[in-house]
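Take a look at the chain below. We will go from its overall layout to a patch on its surface, and then to some residues in that patch.

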Amino acid sequence: MLFRSPDPDTFDTGRAMRDVNHFAFGGGGPHRCHGSFLAIKTISVALTQIIARMPDIALAGPTRCVQSTFINSLASMPVRYTPSG
């Protein structure tokens with residue numbers, strides 16, 4: 001599938017979402033990030049190990065998000081758990 005949009009070479013912040021095919025990180029298509037598969041697997045393994053080693057992990061306060069136009073990420077996420085001996 002090729003990117004097809006009316007007048008694709010024009011910068012248009014008001015372009016309708018139906019006219020835009022998303023090919024970024026996880027969107028698929030010919031421009032999908034090749035590193036996304038490694039990133040997804042890394043996150044999966046990390047979360048599996050965290051849950052296995054800290055079964056009582058729980059939020060300990062409000063999360064805070066990064067203020068950015070380009071990324072959606074957490075700035076902080078306080079948690080509590082019982083350390084294993």
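Start with a definition: a residue is buried under 20% relative accessible area, exposed over 50%, and partly exposed in between, using a 1.4 Å probe and protein chains only. Keep those cut-offs in mind. This is a predicted model, where local features need pLDDT of at least 70, side-chain atom pairs count only at pLDDT 80 or more, and totals for chains, interfaces and linings use all residues. Residues are numbered from 1 along each chain as its sequence is written, and side-chain values use heavy atoms, leaving out hydrogens and water.

Now the layout. The chain has 1 helix and 4 strands. Helices (H or I, at least four residues) and strands (E, at least two) are DSSP runs, numbered from the N terminus. Read from that end, the order is α-β-β-β-β. Buried residues make up 6% of the 85 residues. The chain exposes about 7,400 Å², and carbon and sulfur atoms supply 62% of that area. Accessible areas come from the Shrake-Rupley method with a 1.4 Å probe; for residues, only the protein chains shown count as cover.

Next, contacts, meaning heavy atoms within 4.5 Å. Take those between residues at least 6 apart in sequence: 10% of them join residues at least 24 apart.

Turn to the surface. Ile43, Leu47, Ile50, Ile51, Ile57, Leu59, Leu74, Met77, Val79 and Tyr81 form a nonpolar patch there, with about 890 Å² of accessible area together. Patch residues have over 30% relative accessible area and no salt bridge; like charges are joined within 9 Å, nonpolar side chains (Val, Leu, Ile, Met, Phe, Trp, Tyr) within 5 Å. A salt bridge is a side-chain nitrogen of Lys or Arg within 4 Å of a carboxyl oxygen of Asp or Glu. Helix α1 (residues 36-53) gives the patch its largest share, 4 residues.

Where does Ile57 sit? Find it in the loop between α1 and β1 (58-59). Ile57 counts as partly exposed because its relative accessibility is 32%. Leaving aside residues up to four places away in sequence, Ile57 touches Ile50, Val79, Arg80 and Tyr81.

Tyr81 lies in the segment after β4 (79-80). Its relative accessible area is 41%, so Tyr81 is partly exposed. The C-alpha atoms of Tyr81 and Pro55 are 7.9 Å apart, although 26 residues separate them along the chain.

Finish at Leu74, in strand β3 (residues 74-76). Leu74 has 43% relative accessibility, so it counts as partly exposed.
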